[in-house]
Amino acid sequence: MMSDAAKKGWRGLLRYRNFVIGGMLTAWVIVTALLSLVWTPHSATVLAIKSRFQAPNWEHWLGTDHYGRDVLSMIMVGAQNSLVVGIVAVGIGVAIGVGFGLIASARRGWTEELIMRLSDFTFAFPAILSAIMITALLGAGAINSILAIGIFNIPTFARLTRASGNAIWSREFVLAARAAGKGRARITLEHVLPNITSVIVVQATISFAIAILAEAALSYLGLGTQPPDPSWGRMLNDAQTFMFNAPHLAIFPGAAILLSVLGLNLLGDGLRDVLDPRLTRGR
Amino acid sequence: MSLLEVENLTVTLATSSGPARAVRNLSFTLDRGQSLGIVGESGCGKSMTSLALMRLLPENGVVEGRIEMDGESLMALSEEQMCGVRGNRIAMIFQEPMTSLNPLHTIGRQVTEPMILHQGLSLIEARAEAVRLLERVGIAGAARRLDAYPHQMSGGQRQRVMIAMALSCKPDVLIADEPTTALDVTIQGQILDLIADLVEETGMALILISHDLGVIAETVDRVMVMYGGAGVETGPTGAVFEHLAHPYTQGLFAAVPKLGGGRVTGGRTRLATIPGMVPELINLPAGCTFADRCPIVGDGCAGTAPPVEAIADDPDHRVACLRLDEALSGKVFAEAGS
């Protein structure tokens with residue numbers, strides 16, 4: 001599947017515009033988060049009431065908030081938070097969802113029926129509503145909000161895996177593998193999973209973006225990351241009170257969410273084009 | 001005791017519009033070194049028969065009857081035990097070499113896997129054996145090709161790889177389901193010769209499924225003609241091709257294009273066809289399934305299922321037709337034998 005791109009090497013990848021732009025935006029978010037581990041222009045948590053509500057200036061590039069904290073530093077540290085949420089939530093979804101999906105497509109019959117109807121059940125509630133319900137049950141907080149988002153990811157991946165898995169199961173090389181005496185477990189691991197990896201990777205990238213957005217929404221509602229840990233969603237929540245006095249407080253975290261989600265979505269689309277050239281629309 | 005004994009094999013597929021009887025009361029036996037050709041048009045149950053033997057029918061398929069290998073019933077085996085039979089004692093070659101290999105795995109991996117799985121060979125032993133097998137099936141530079149991926153090979157080469165895979169565990173029975181249909185004619189001959197040579201060398205039994213009478217005539221000892229899920233005529237290849245007893249067999253032969261003047265009549269060259277359509281498997285007629293397409297259909301045909309009877313001078317050549325005498329006496333289809 002990779003052969004087309006692999007033949008042309010890294011140079012060939014530059015032809016995929018979505019992949020390049022998305023990859024650069026995503027890399028930028030990752031670098032920012034890593035950099036914030038060792039250096040931020042100011043502390044993201046120390047309050048400095050005297051210098052509150054500063055507009056962007058040379059000292060504070062993106063200004064300061066109502067407690068005088070440096071907005072750039074908070075956004076940088078908030079990037080860590082968003083990445084961790086994305087990685088863990090998507091990790092939960094992939095680990096459990098793909099597992100269930102593979103079982104469903106290997107076993108068929110009532111096992112498949114049960115797993116799929118359970119995912120339908122989960123899908124019946126809007127994502128953010130189920131996340132609110134889960135955080136309401138488990139209590140507000142960063143870890144619980146990650147769990148809530150992760151749980152919502154499970155049926156997404158279960159469905160995708162089962163659907164693409166079923167398509168692989170009906171391929172002739174799987175019949176040939178069965179005729180060679182391989183059991184269902186072996187075929188699942190050796191033939192089905194490797195052939196659907198690209199689909200799962202693409203979905204993971206897109207789910208990552210959704211997870212960042214969901215975390216921002218939960219934090220905005222006060223159910224996610226709790227003070228004093230900076231989070232893009234909570235920065236937005238704080239900012240809405242001062243929307244007219246200090247619009248930069250809303251604009252910069254909003255832009256951070258926008259650019260990282262946009263970057264991941266473009267990366268997902270780009271990866272799909274790179275990994276599966278057959279699906280590419282005319283470019 | 002024969003190597004493979006199949007008696008009253010019946011396959012029923014549950015479909016949304018009712019049960020489809022894909023194979024009905026099929027019986028045959030096969031000894032070591034023997035080859036059986038199953039011939040018939042699309043949808044006559046050829047492939048279902050081979051999948052039933054491997055117990056690889058789709059979820060909605062139900063098998064009845066008796067399938068015994070060396071006196072042991074294959075129907076009684078658990079799925080796990082059956083995995084030990086597939087690829088080991090019964091191997092299969094498929095129609096589409098382009099899609100029968102996993103595109104993500106190397107040729108070497110796919111050929112060695114059955115040997116490692118069934119015979120417990122180490123990877124090194126299996127690779128050495130794979131090189132030998134690939135050389136035997138005529139792949140040049142076999143040692144280098146082990147690390148090639150399927151997309152780097154041609155259709156003919158891939159079919160050779162499939163044959164090498166099928167032979168890797170020295171099976172007792174090889175089922176070849178239209179092994180040459182997807183290949184061009186020059187390659188077809190080579191692949192058929194290869195299969196025939198290998199059958200002779202190894203002493204395994206061969207079931208060759210095809211709709212191509214030429215392929216069948218060249219390769220097998222015995223022929224079974226299938227129509228509407230049932231065997232309508234069976235016998236030694238020579239006898240079947242000589243007598244053409246069943247009206248359907250005659251129609252099948254008449255429909256084969258022939259080179260030269262024999263087919264040109266009145267200045268026009270036309271292929272003979274059998275009028276009508278293959279019967280719906282869901283709604284099979286009570287009597288002979290061929291009745292509504294048969295040119296010599298009689299009063300009893302539609303009502304009574306014809307018994308399978310031996311032709312007078314050859315007890316091994318058996319036909320299911322009520323009006324066998326008429327069928328044998330003349331050219332049922334105008335074109336037959338012209």
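Visitor: How many residues does the contact take from chain B and from chain A?

Guide: This is a predicted model: local features need pLDDT of at least 70, side-chain atom pairs count only at pLDDT 80 or more, and totals for chains, interfaces and linings use all residues. Residues are numbered from 1 along each chain as its sequence is written, chains are lettered from A and ligands numbered from 1 in the order in which they are written. With contact meaning C-beta atoms, placed from the backbone, within 7 Å, the count is 21 residues from chain B and 15 residues from chain A.

Visitor: What gives the largest share of the side of chain B that touches chain A?

Guide: At least two residues each come from α2 (79–85) and α3 (107–119) of chain B; helices are DSSP runs of H or I, at least four residues, numbered from the N terminus. The largest share, 4 residues, belongs to α3(B).

Visitor: Which residues does Ile75(A) touch, not counting residues up to four places away in sequence?

Guide: Ile75(A) and Leu206(B) touch the most other members of the 159-residue largest nonpolar core. Helix α3 (residues 71–107) of chain A gives the most to this core, 18 residues. Beyond four places in sequence, Ile75(A) touches Leu62(A), Trp232(A), Phe252(A), Pro253(A) and Ala256(A).

Visitor: Is α6(B) roughly parallel or antiparallel to α7(B)?

Guide: Residues of α6(B) that meet α7(B) include Ile163(B) and Leu167(B). Helices α6 (residues 155–167) and α7 (residues 185–202) of chain B pack at about 15°, axes 10 Å apart. Angles under 35 degrees count as roughly parallel, over 145 as roughly antiparallel, so α6(B) and α7(B) are roughly parallel.

Note on methods: Contact = placed C-beta atoms within 7 Å. Core = buried A, V, L, I, M, F, W, Y, C linked by C-beta atoms within 7 Å. Buried ≥ 20, exposed ≤ 12 C-beta atoms within 10 Å, placed from the backbone. Axes fitted to C-alpha atoms, helices over the stretch in contact; angles between N-to-C directions. Parallel < 35°, antiparallel > 145°, perpendicular 65-115°, else oblique.
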